[in-house]
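I opened the notebook to record what I looked up in this structure. The entries follow in the order I made them.

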Amino acid sequence: MSYIILKDRFWYLSTRTTLIGGLTVAVLAVALVISGFGAALAVGGVGSKVVSTTTVTPTTNSTAASPYVVTLVITTNSVFNSTVKDQPAFFVLGPNGLESTAKISLPANRLIKLVIVCYDDGNASLVLPNDNVVSGTTGNSIYVTSNDNVNASQGPSGIVLKGGANLTSVPLSEIAHTFTVPALNLNIPVPLSSTVVAYFKVGQAGSYFWFCETRCGFGPDGTLGAMSSSGWMTGSLVAS
Ligand SMILES: [Cu+2]
């Protein structure tokens, strides 16, 4: 969930609170006229109760001390255009579904819990040789669970549950994509058909480029199409 969405939610909630507050005042005035002060007190009580229900915040982001959770989903069948056809893409999982990763917003100086759900079952080679090594996360490791495509029709190999493991690198033959932010020394190799959990912090507010560092795109070297298009396999990570 991006910060923008959270901000929108707070704006929505504060607007809603204001409206309800206004409504309470209106009801209060009517109650004073019709029923007298005793009834007004009762309405005031109901009003307070209603306002308290507007303090809904995502449980995962309820306090500054808890990690801020960002969930990304990697899909495979988005149509890029009529020539390139299907390409893989990263999405942000928002409150209403999948949203663009052209700009991923999150708070600076706060622990981030990044969850990446990868539905891509294909292996892709790396652009740089060491991009299978995890860096920039807590403990320079990631926690990986398999197999996200357990319900897909993939034959016996597609339904092997491998359980979870802490990894500091991923075998080349099992990498589908990476989530890489060079300026933050952040590199998260994402195994195929898996869910990755990683923790990291952005120490300084700013805008940073993120990339996938596998040749998962279009063209002879796999660096075109999704790989060179914002919101597909690259974009900006904005910490504020
Ligand atoms: Cu990729």
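Entry 1, terms and source. I took helices (H or I, at least four residues) and strands (E, at least two) as DSSP runs, numbered from the N terminus. The model is predicted, so I noted the limits: local features need pLDDT of at least 70, side-chain atom pairs count only at pLDDT 80 or more, and totals for chains, interfaces and linings use all residues. Residues are numbered from 1 along each chain as its sequence is written.

Entry 2, overall layout. I looked up the elements and found two helices and twelve strands. Read along the sequence, the pattern is α-α-β-β-β-β-β-β-β-β-β-β-β-β.

I call a residue buried if 20 or more other C-beta atoms lie within 10 Å of its own, exposed if 12 or fewer, and partly exposed in between, with C-beta atoms placed from the backbone. Of the 240 residues in the protein, 28% are buried. Two residues are in contact if their C-beta atoms, placed from the backbone, lie within 7 Å. Among contacts between residues at least 6 apart in sequence, 69% join residues at least 24 apart.

In soluble globular proteins, nonpolar side chains tend to be buried together. A nonpolar core here is a set of buried Ala, Val, Leu, Ile, Met, Phe, Trp, Tyr and Cys residues joined through C-beta atoms within 7 Å. The largest one has 41 residues, and L72, I116, I188 and V190 have the most contacts inside it. Strand 1 (residues 68-79) gives the most to this core, with five residues. I then looked up L72: leaving out residues up to four places away in sequence, L72 touches F90, F91, V92, L93, T101, I116 and F179.

Entry 5, strand 6. Two strands pair if DSSP finds at least two bridges between them. Which strands does strand 6 join? Five bridges join strand 6 (residues 142-146) to strand 7 (residues 163-167), and the two run antiparallel. Four bridges join strand 6 to strand 10 (residues 194-200), also antiparallel. S146 stands opposite G163 in strand 7, and its bridge partner in strand 10 is S194.

Most residues other than glycine have a negative phi. N109 has a positive phi, near 55°, and lies in the loop between strand 4 (103-106) and strand 5 (112-118). N109 is exposed because 11 other C-beta atoms lie within 10 Å. Phi of N185 is also positive, near 55°. N185 lies in the loop between strand 8 (175-181) and strand 9 (186-191). N185 has 12 C-beta neighbours inside 10 Å, so N185 counts as exposed.
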